Amino acid sequence: MSKNKNSISTQILQVLEQNKNKALNYKQISAKLPFDSDAVRKQVLRDLKKLLKNNRIEEISKGKFKIIVTKVYEGYVDMTNNGSAFIMVDGLEKDIFVSNHNLNKALHKDYVEVEIIKQKPGKRPEGEVTRVIERFKTHFTGIVQVFPNYAFVLPDDIKMYKDIFIKKDFINNAKDGEKVVAEIFDWPEKMGSPLGKIVKVLGQPGDHEVEIHAILDDYNLPYEFDPEVEQAAEKLNKHITKEEIAKRRDMRGITTFTIDPVDAKDFDDALSFRKLDNGRYEIGIHIADVSHYVQPDTILDKEAYNRATSVYLVDRVVPMLPEVLSNGLCSLRPNEDKLTFSAVFEMDDEGKVHKEWFGRTVTHSDRRFAYEEAQEIIEGAEGDFKEEILIFDRLAKKLRQKRFKKGALSFDRIEVRFKVDAEGNPIEVMFKESKDANKLIEEFMLLANRKVAEFVHKKSKKSPKTFVYRVHDEPASDKLLSLNNIIQKFGYELDLKDRKSIIRSINNLLEEVQDKPEKNMIETLTIRSMSKAVYTTQDRGHYGLAFDHYTHFTSPIRRYPDVMVHRLLQRYLDRKSSPSAEEYEKKCVHSTNMEIMASSAERDSIKYMQAKYISDFKDVVFEGIITGVTEWGIYVELSLNKVEGLVRRTEMRDDYYYFDEDEYALIGEITEKRYRLGDPVQVKLKNANPERKQIDFEMVYDSVEDLENIELKNNTVSQIKTKAKPRRNYRKKK
């Protein structure tokens, strides 16, 4: 009987779908169903009413029904923490809301087919997932609970709303309570949980190494090299021969140095400088020649492609290449001859490029600077190569000025870093600030990337050339409108008239919010409104940098697209034909996806460390600012250390709050008190769970009166909280 009940609604819809050109009554529908019993006939009546109420069918005349033809879309699942989801569909003004019981086994970030089942004017559409087209991931880390004949894995990911069922044969010797990696391999129609197998046992939860490895495993990112890969790297010829030098431009006699973070281990770029007789400067931007050592289709190349990027976690770097390459052969260490791929420019005092040259070189770094050392020289201290550094700084500022004049966006976000003890425990939060020395390197890397892309673009005018570009499309108008609606609440406004106006007003906005409490939040919202930068063979330009042509040439130690760029550039310098664009486009898509995975892992490692750090501050009152407002609560970022946590709506004790989507605020049902983006609040730590990267705050109220002396209009807070549904339109009716 339960089988019939579960499928009757579907069967009714199938019958009406097959007869969508005519209306059918109850008897006609029942006659076409493969069930026949009094209980089923009563269920048909109930399900008809339910389908009618949910706008799946319509009553054409009394007792006659037709299916409502719904439009099917495709999009990505964005799960909420409470188990429901939004489906993000390109071209739709609003995401489609899908309740948990209509997800039909779709998981976070899956690509799905969704059907709209309810649409009211001005409201967000509601839908049902009809098919999972592509799973985003199948590996999940979590805690295993072992029973005599089976086990469950409880995923760390708070957006994974189902535990994973493990049959006895697939437990893989895991012990109860251990942290493991489970792979989902099936999800039968009748099972409430997916079927999985434990593919790796990580160890005890809470152990620092276990938790960091769990983050990498959660995104299926490798953190060790296979012995065969390490052996291949060890076998590389480490000697630079005279024959190899003879093939290259020898620049070892020119002043050359690197500027990198103080704790950097690999140096993949260096700058060279010399004055020319005509009063101009020869500026060399030298990049480690990874493509010389990593040849196509070798085991090293396949490994680099599979990883596609180095992963920068909060306490370590997981490199794309084995250490022999990344920290040795390809690292431009001081006082060592190195094989490099260079962009050499003849520039004047205004930063204008008069001549350019690209090709393979051999270089010799005279000095390694940390950013802090170079910054001290820029600020007036004495030091090695002071004249060169000051000229580089002056030229970089000219280049930066030109970029902004042309319409580049100015994002200068605070980066959070942690000082850790010997056991990996965070003992101090630090903020990475980008100063002139950082910007100096940034500008010359941008110059090299842009000029390489322009060079290939010019060659492509005569005959099409396949190339790898880094593109950043214009933001969608609906996202800019949404951003404008939010920032207007803080007294700011964007001019959306045309591209120039948009860029100018965004830069003005970013400048205006400096030193304001809402700075980090508005910068985050602005970044989210932008399109995502991707790798592609299509030369579409870079909106954020205001470049018509742009690529990634300067970091082949840590980015596979740069390796591809080096190979293609050399191919065209050698006047060889263009390879298949289709093959390179596939590699671009893979590289973009791996970059997204690496960024997600980095964010998770920061959240893990933040939860670990803040757990020592129970009962401390913090000043914070609201950075997010949702139907389940408000996100608060602490002003002191940028730690972000959630204040749950159901735990706000002074009123019953409902989410007003139009105002993007939580509003008190009785008091009409509002919590909006950017509002300053005081909070205390309620709970911190490093394993789940989760922080819960509780509100600190201004006074006892906030809790005890609210006029509740003959009602009480406790009574309001027990209502099945808040009166969402209370404020409007008043």
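A crossing of two helices is left-handed if the near helix is turned anticlockwise from the far one by less than a right angle. In this predicted model, helix α11 passes helix α12 in such a left-handed crossing.

**Nonpolar cores**

- In soluble globular proteins, nonpolar side chains tend to be buried together.
- The largest nonpolar core here has 76 residues, and the members touching the most other members are Ile285, Leu325, Leu440, Phe444 and Phe553.
- Leu440 is in contact with Ile259, Leu271, Ile378, Ile389, Phe392, Asp393 and Ala396, when neighbours within four places in sequence are left aside.

**Helix α12 with helix α11**

- Two packed helices are described by the angle between their axes and the distance between the axes.
- Helix α11 spans residues 386-406, and its axis comes within 9 Å of the axis of α12, with a crossing angle of roughly 65°.
- On the α11 side the contact involves Ile389, Phe392, Asp393, Leu395, Ala396, Lys397, Leu399, Arg400 and Arg403.
- On the α12 side the residues are Asp436, Lys439, Leu440, Glu442, Glu443, Phe444, Leu446 and Leu447.
- By residue type, this contact of α11 with α12 holds nine nonpolar and eight charged residues, and no polar ones.

**Helix α12 with helix α10**

- The axis of helix α10, residues 371-378, comes within 8 Å of the axis of α12, and the two cross at roughly 105°.
- Helices α10 and α12 are therefore roughly perpendicular to each other.
- Tyr371, Ala374, Gln375 and Ile378 of α10 make the contact with Asp436, Ala437, Asn438, Leu440 and Ile441 of α12.
- Six of the residues in the contact of α10 with α12 are nonpolar, two are polar and one is charged.

**Helix α12 with helix α16**

- Helix α16 covers residues 560-573, and its axis and that of α12 come within 11 Å, crossing at roughly 45°.
- Helices α12 and α16 are therefore oblique to each other.
- The crossing in which α12 passes α16 is left-handed.
- Val452, Phe455, Val456 and Lys459 of α12 meet Val565, Leu569, Tyr572 and Leu573 of α16.
- The contact of α12 with α16 has seven nonpolar residues, one charged residue and no polar residue.

**A buried loop residue**

- Asp268 sits in the loop between strands β15 (255-260) and β16 (269-275).
- The relative accessibility of Asp268 is 6%, so Asp268 counts as buried, the limit being under 20%.
- Asp268 and Pro556 are 288 residues apart in sequence, yet their C-alpha atoms are 7.4 Å apart in space.
- Not counting residues up to four places away in sequence, Asp268 touches His286, Ile287, Ala288, Leu332, Thr554, Ser555, Pro556, Ile557 and Arg558.

**Exposed residues**

- Pro680 is placed in strand β33, residues 680-689.
- With 65% relative accessibility, Pro680 counts as exposed, which requires over 50%.
- Apart from its neighbours within four places in sequence, Pro680 is in contact with Gly624 and Ile625.
- The C-alpha atoms of Pro680 and Val452 are separated by 47 Å, and the two residues lie 228 residues apart along the chain.
- Glu382 is found in the loop between α10 and α11.
- Glu382 is exposed, having a relative accessible area of 67%.
- Between the C-alpha atoms of Glu382 and Lys242, 140 residues apart along the chain, the separation is 38 Å.

**Positive phi angles**

- Most residues other than glycine have a negative phi.
- Asn173, a residue other than glycine, has a positive phi near 65°.
- Asn173 belongs to the loop between β11 (164-167) and β12 (179-186), and its relative accessibility of 70% makes it count as exposed.
- Lys642, also a residue other than glycine, has a positive phi near 65°.
- Lys642 is in the loop between β28 (633-638) and β29 (644-648).

How values were computed
Residues are numbered from 1 along each chain as its sequence is written. This is a predicted model: local features need pLDDT of at least 70, side-chain atom pairs count only at pLDDT 80 or more; totals for chains, interfaces and linings use all residues. Side-chain values use heavy atoms; hydrogens and water are left out. A nonpolar core is a set of buried Ala, Val, Leu, Ile, Met, Phe, Trp, Tyr and Cys residues joined through side-chain atoms within 4.5 Å. Buried means under 20% relative accessible area, exposed over 50%, partly exposed in between (1.4 Å probe, protein chains only). Contact means heavy atoms within 4.5 Å. Axes are lines fitted to C-alpha atoms, for helices over the stretch in contact, and angles run from 0 to 180 degrees between N-to-C directions. Helices (H or I, at least four residues) and strands (E, at least two) are DSSP runs, numbered from the N terminus. Angles under 35 degrees count as roughly parallel, over 145 as roughly antiparallel, 65 to 115 as roughly perpendicular and the rest as oblique. Ala, Val, Leu, Ile, Met, Phe, Trp, Tyr, Cys and Pro count as nonpolar, Asp, Glu, Lys and Arg as charged, and the others, Gly among them, as polar.
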